[in-house]
Amino acid sequence: MKAKQSLIFVCISILLLASCKQKRQEVEELKIGVMSSMDFVPLAVAKEKGIFDKYGVKVDIQKFYSANDRDAAFQSGNLDGTVIDYTGAILQKSGGVDLKITSACNATFYIMTGPNSPIRSVKDLKGKKIAVSRNTVIDYCIEAALQSVGMSGNDIEKQEVNKIPIRLEMMINGQTDATALPDPFITIASGRGAVSIVSMEELGYSLTGFIFSSEAIKHKNKQIKAFYQSYNEAVEYIQTHSLNDIKSILINDIGFSPELVDSVKLPHYTSAEMPKDKDIQATLDWLRSKDLIPADFSGQDLLDSSFISK
């Protein structure tokens, strides 16, 4: 009888240990949301090259095709972190979402015009039709470019077009005079004869970064640190290898066609660093000017630099 009781006790203990181990494994997994942008490339490299495994962090990368879907997943707690533009991060933070910007990213946006357009400079945009998604990073890019030459949003005719592929097609077909695009759409547009007017990098703007929920920062701090170690090593891999070494990633994960992948211009990827104060402040100022955030929202509690190597 005692032997039978002991066996039952051992079985229960094994089941409890297995259950606890499974729960620990579930807690250790980081769920990161991405879209098909150049900011995703270091993560895709870290995944494919086994760098996340090297640092002992399990990362579930979830790809989204809609910023709204990505944001909903983050706000509902189904994501621990995500790549996002500063405008979107600040809007969520000011709306009560408990998040932190933990680093900057390196992808940029280009202001582009169609293949048959005479527009060749930002000044040439005056009075023209520009396709934007209002109150988003695209709108911000256009107005920042206009501001660089002493103009404003009042100097153009804005066309509300939310979906990037539609904006691209309208520009190629001459239905709109210009728009702002991220890659891979920059390369796609260039391959179809579109012309770049200016990049936000050339204007001195950084626009995107990583955010993590405060809950994840509290309970998955070790995993986020390992995530950033992996990120930095993936960036080093990109810096020390040719485009050919990540060609399959650019095609399969980012969405470049095999015909265009050789013409891809990679951003200047850097190890993880915090956003520059001027970029955050410029975004805050623009959002306030549109009455999209409360006038007294300072963004004081927006950043968390604890994961960045000093």
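Predicted model: local features only at pLDDT ≥ 70, side-chain atom pairs only at ≥ 80, totals over all residues.
Trainee: Why is Gly299 called buried?

Mentor: Its relative accessibility is 15%, and buried means under 20% relative accessible area, exposed over 50%, and partly exposed in between (1.4 Å probe, protein chains only). The value of 15% falls under the 20% limit, so Gly299 counts as buried. Gly299 belongs to the segment after H12, and its C-alpha atom is separated by 8.0 Å from that of Ser94, 205 residues apart along the chain.

Trainee: What makes Lys58 exposed?

Mentor: Lys58 has 56% relative accessibility, which passes the limit for exposed residues, and therefore counts as exposed. Its place is the loop between helix H3 (51–54) and strand E2 (59–64); helices (H or I, at least four residues) and strands (E, at least two) are DSSP runs numbered from the N terminus.

Trainee: Which residues does Lys58 touch?

Mentor: Leaving aside residues up to four places away in sequence, Lys58 touches Glu28, Glu29 and Leu30, where contact means heavy atoms within 4.5 Å. Gly33 is 25 residues from Lys58 in sequence and 14 Å from Lys58 in space, C-alpha to C-alpha.

Trainee: How do you know that H6 is mostly covered?

Mentor: Of the 11 residues of H6, 10 are buried. They are Val137, Ile138, Asp139, Tyr140, Cys141, Ile142, Glu143, Ala144, Ala145 and Leu146.

Trainee: Why are H6 and H12 called roughly perpendicular?

Mentor: The axes of helix H6 (residues 137–147) and helix H12 (residues 277–289) cross at roughly 100° and come within 11 Å. Such axes are lines fitted to C-alpha atoms, for helices over the stretch in contact, with angles from 0 to 180 degrees between N-to-C directions. Angles under 35 degrees count as roughly parallel, over 145 as roughly antiparallel, 65 to 115 as roughly perpendicular and the rest as oblique. The angle between H6 and H12 lies in the perpendicular range, and they are therefore roughly perpendicular to each other.

Trainee: Which residues of H6 and H12 meet, and how do they divide?

Mentor: Asp139, Tyr140 and Glu143 of H6 meet Asp279, Ala282, Thr283 and Trp286 of H12. They divide into 3 nonpolar, 1 polar and 3 charged. Here Ala, Val, Leu, Ile, Met, Phe, Trp, Tyr, Cys and Pro count as nonpolar, Asp, Glu, Lys and Arg as charged, and the others, Gly among them, as polar.

Trainee: What makes H2 roughly perpendicular to H10?

Mentor: H2 and helix H10 (residues 221–240) pack at an angle of about 95°, with their axes 8 Å apart. That angle makes H2 roughly perpendicular to H10. H2 contributes Val41, Pro42, Leu43, Val45 and Ala46 to the contact, and H10 contributes Phe227, Ser230, Tyr231, Ala234, Val235, Tyr237 and Ile238. By class, this contact has 11 nonpolar, 1 polar and no charged residues.

Trainee: Why do H2 and H11 receive the description roughly perpendicular?

Mentor: The axes of helix H2 (residues 41–48) and helix H11 (residues 247–254) cross at roughly 110° and come within 10 Å. H2 and H11 are therefore roughly perpendicular to each other. In H2, Val41, Ala44, Val45 and Glu48 meet Ser248, Ile249, Leu250, Asp253 and Ile254 in H11. The contact residues divide into 6 nonpolar, 1 polar and 2 charged.

Trainee: Is the peptide bond from Asp183 to Pro184 cis or trans?

Mentor: That bond is cis, with omega near 15°. Pro184 sits in the loop between strand E8 (178–182) and helix H8 (185–191).

Notes: Residues numbered from 1 in each chain as written. Heavy atoms only, no water.
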